[in-house]
Structures are given as structure tokens and as C-alpha cells.
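Q: Hey, I've just opened this one and I'm new to it. Can you walk me through what's there?

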Amino acid sequence: MSAQPRPDVSAPGSANQAGSDRAGSAQAPEARLLTEAVTRLRRALRSSIRTDYPWETLPMAQVELLQVLGEHSPARISDLAARRRLAPSTVSGLIGQMISAGLVARDVDAADRRASVVTLTDAGREKLAAWTTAHERRIDAALGALDDDAREAIGNALPALFQLAENLGGEAGESTPER
């Protein structure tokens, strides 16, 4: 991956921030830089999976559904849609593709025989585990290339990043107690 220029990370209050109202500006430097960093990380992770698994063609939307099912299975389509903030019809279409691929199975909901639930198959669990392992290996290698101070800064930032995700709404129902 080619090196990209680093954005100006001037300290808050510098000339780079002059004239911006931190509370009301959508262009606050921290927000802009964090948005850019998250975008670059997501793009790098998506492309890096092709390095470890060049044949991997599973769309990210399906991977995200596998991740939710890995933590909350069995689940109704409506629950999956709410957790991923997608339309139920979109999730239903994705689940149909995943059933055809053998990654998930649809069963009758034991609590309500009129409804159906989706569960991971063994193949789905294996695919999710391989995908997760590949990403963790790539991130671990990238972290290993950083100096000690940078790794420590990232480690120290993780609790705040999880809190930020929760403040943004996180994964519906995943960071907040079940009601």
C-alpha cells in the first residue's frame, strides 16, 4: 500500500483551527481527522483482506451480518436489521444470498412458530473465524511496525474510541444493556 500524505494534525487552538467554533462546527479538526483516520483504516482493512485471502469475495455487509450472528444467534431478520441499521428487506436479501452460500440457515423461532430465525452454519463460523484471524494478523503486523509510543497511544485511546462509538449510537443494542 502506498504511503499517503498525513493530514495536518496541528494542535487544537492553532492557526489551523482559527475561527472555528468547536462546539458547533462540523469541521472541528478532531472530528475531521478522526473521520479521515477511520475512513483510511476501513479502506485499508477491506483491501488488506484481499492480500491474505485473494479469493475472498464476501461483501462487507455479509461479513457484518456474520459478526452479529457470531455474537447474537439465533436472530430474527428484524433484529439483524435493527443491529446493522438496515432495512429488513435488505437484510432478508443478504440472508438469502448467505443461505445459498451455506453460511447461515433459517429455522423456525422456537418462541414464536410464526417467525423464523437465522443461525450461523459451521461454514459460516469458519468463514467468520478466517476473516477475523486475517484482519487481526494484518492489524498486529501494522501495530508491530509502529514505535512503542505510537502503540501505547493507540492502546490508551481504545477505551475512548469505544465510548465515542457508544456516543454515536454504536451497534444498536450491542453497547447498551438489553431492555
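Q: Let's start with a pair of residues: which helix do Asp 148 and Arg 151 lie in, and how many residues apart are they?
A: Both sit in helix α6, three residues apart, which is about one turn of the helix. Keep in mind as we go that this is a predicted model.

Q: Okay, and what do the side chains of Asp 148 and Arg 151 meet in?
A: A salt bridge, with an N to O distance of 2.2 Å.

Q: Which residues do salt bridges that share partners join into one network?
A: Arg 76, Asp 109, Asp 112 and Arg 114.

Q: How many salt bridges are there by this count?
A: Eight. One of them is between Glu 36 and Arg 40, where the closest N and O atoms are 2.6 Å apart. Those two both lie in helix α1, four residues apart, so again about one turn of the helix.

Q: How exposed are Glu 36 and Arg 40?
A: Partly, in both cases: Glu 36 has a relative accessible area of 25%, and Arg 40 has 26%.

Q: What does Arg 84 form a salt bridge with?
A: Glu 64, with the closest N and O atoms 2.9 Å apart. This pair links distant parts of the chain, since Arg 84 is in helix α3 and Glu 64 is in helix α2, 20 residues apart.

Q: Are Arg 84 and Glu 64 buried or exposed?
A: Buried. Arg 84 has 17% relative accessibility, and Glu 64 has a relative accessible area of 15%. The cut-off for buried is under 20%, so both values qualify.

Q: Why would charged side chains pair up at all?
A: Side chains of opposite charge can pair when their charged atoms come close.

Q: Let me zoom out. How many helices and strands are in the protein chain?
A: Six helices and two strands. Going along the sequence, the pattern reads α-α-α-α-β-β-α-α.

Q: What share of the protein chain is buried?
A: Buried residues make up 24% of its 179 residues. The accessible surface comes to about 11800 Å², and 56% of that belongs to carbon and sulfur atoms.

Q: What about contacts in the protein chain between residues 24 or more positions apart?
A: They account for 54% of the contacts with a separation of 6 or more.

Q: Now the inside. How many residues has the largest nonpolar core?
A: It has 22 residues, and those with the most contacts inside it are Leu 66, Leu 80, Ile 95 and Val 104. The elements giving two or more residues to this core are α2, α3, α4, β2 and α5. The largest share, five residues, comes from α2.

Q: Why do nonpolar side chains gather like that?
A: In soluble globular proteins, nonpolar side chains tend to be buried together.

Q: What is Leu 66 in contact with, leaving aside its neighbours within four places in sequence?
A: Leu 58, Met 98, Leu 103, Val 104, Leu 120, Gly 124, Lys 127 and Leu 128.

Q: Switching to α5: how many residues has it, and how far does it reach?
A: α5 has 23 residues and reaches 32 Å from its first C-alpha to its last, close to the 33 Å expected at 1.5 Å a residue.

Q: Which residues in α5 are buried?
A: Gly 124, Leu 128, Trp 131, Ala 134 and His 135. His 135 has a relative accessible area of 8%. Setting aside neighbours within four places in sequence, His 135 is in contact with Leu 45, Arg 46 and Ile 49.

Q: Which helices each supply at least two residues of the nonpolar patch?
A: α1 and α6. The largest share, five residues, comes from α6.

Q: And where is Leu 34 placed?
A: In helix α1. Leu 34 is partly exposed, with a relative accessible area of 33%.

Conventions:
Residues numbered from 1 in each chain as written. Predicted model: local features only at pLDDT ≥ 70, side-chain atom pairs only at ≥ 80, totals over all residues. Heavy atoms only, no water. Core = buried A, V, L, I, M, F, W, Y, C linked by side-chain atoms within 4.5 Å. Buried < 20%, exposed > 50% of the residue type's maximum accessible area, 1.4 Å probe, protein only. Contact = heavy atoms within 4.5 Å. Salt bridge = Lys/Arg side-chain N within 4 Å of Asp/Glu carboxyl O. Areas by Shrake-Rupley, 256 points an atom, 1.4 Å probe, with all protein chains shown as cover. Expected span 1.5 Å × (residues − 1).
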